[in-house]
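Reader: I'd like to go through a few residue labels with you and see what backs each one up. Can we start with the structure itself?

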Amino acid sequence: MPLFTTGKEVMERLPHGSDLLEAITTLARLEKIRAGSVSAIGAVQRARIGFYDQKARQYREWDIEEPMEICSCLGNVSLKEGEIFVHAHVTLADSDGRVVGGHLCPGTIVFAAECRITELAGEAPSRSFDETTGLSLW
């Protein structure tokens with residue numbers, strides 16, 4: 001028996017100039033989606049992405065100060081400290097087709113983006129601190 005079944009699905013164009021992660025989170029909150037899967041495509045004016053350093057147990061983040069295509073943005077919606085929380089990773093390509101990817105961080109600014117969130121019906125997963133990894137996991 002599956003843990004989740006799909007509920008409603010929402011698709012939205014995200015506002016030009018908005019923060020990509022914040023815009024996706026706002027959409028989930030407006031639609032009251034507490035558990036779901038996220039995907040987005042489009043382009044960004046600039047980006048901020050991260051990599052989790054497993055030894056140091058912290059994210060290293062870096063900025064990309066040029067327009068990029070969103071090849072893929074995948075993530076999920078769950079709860080963290082009782083609030084709707086979006087966790088996403090992004091793959092971006094530059095004008096020469098070079099690709100970079102990582103954890104989607106605040107500071108990634110939308111040029112044009114389309115987002116889809118598929119709600120998962122059932123009890124929403126809740127994130128809590130995991131001592132082994134140093135991350136907030138389900």
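This is a predicted model: local features need pLDDT of at least 70, side-chain atom pairs count only at pLDDT 80 or more; totals for chains, interfaces and linings use all residues.

Reader: Why is Asn-76 called buried?

Author: Its relative accessible area is 18%. Buried means under 20%, so Asn-76, at 18%, gets that label.

Reader: And what makes the Asn-76 and Arg-127 side chains a polar contact?

Author: The two side chains are 3.1 Å apart in that pair.

Reader: OK, on to helix H1. Why is Ala-28 called buried?

Author: Ala-28 lies in helix H1, and its relative accessible area is 0%. The label needs a value under 20%, so Ala-28 counts as buried. Leaving out residues up to four places away in sequence, Ala-28 touches Ile-33, Val-77, Ile-84 and Ile-117.

Reader: How far is Ala-28 from Val-38 in space?

Author: They are 9.3 Å apart, C-alpha to C-alpha, and ten residues apart in sequence.

Reader: How do you know whether Ala-35 is buried or exposed?

Author: Ala-35 sits in the loop between helix H1 (20-30) and strand S2 (36-53). Its relative accessibility is 2%, and exposed would take over 50% while buried takes under 20%, so Ala-35 is buried. Its C-alpha is 12 Å from that of Thr-25, ten residues away along the chain.

Definitions and conventions
Residues are numbered from 1 along each chain as its sequence is written. Side-chain values use heavy atoms; hydrogens and water are left out. Helices (H or I, at least four residues) and strands (E, at least two) are DSSP runs, numbered from the N terminus. Buried means under 20% relative accessible area, exposed over 50%, partly exposed in between (1.4 Å probe, protein chains only). A polar contact is a pair of N or O atoms within 3.5 Å; within protein, one must be able to donate a hydrogen and the other to accept it, and residues adjacent in sequence count only if both atoms are side-chain atoms. Contact means heavy atoms within 4.5 Å.
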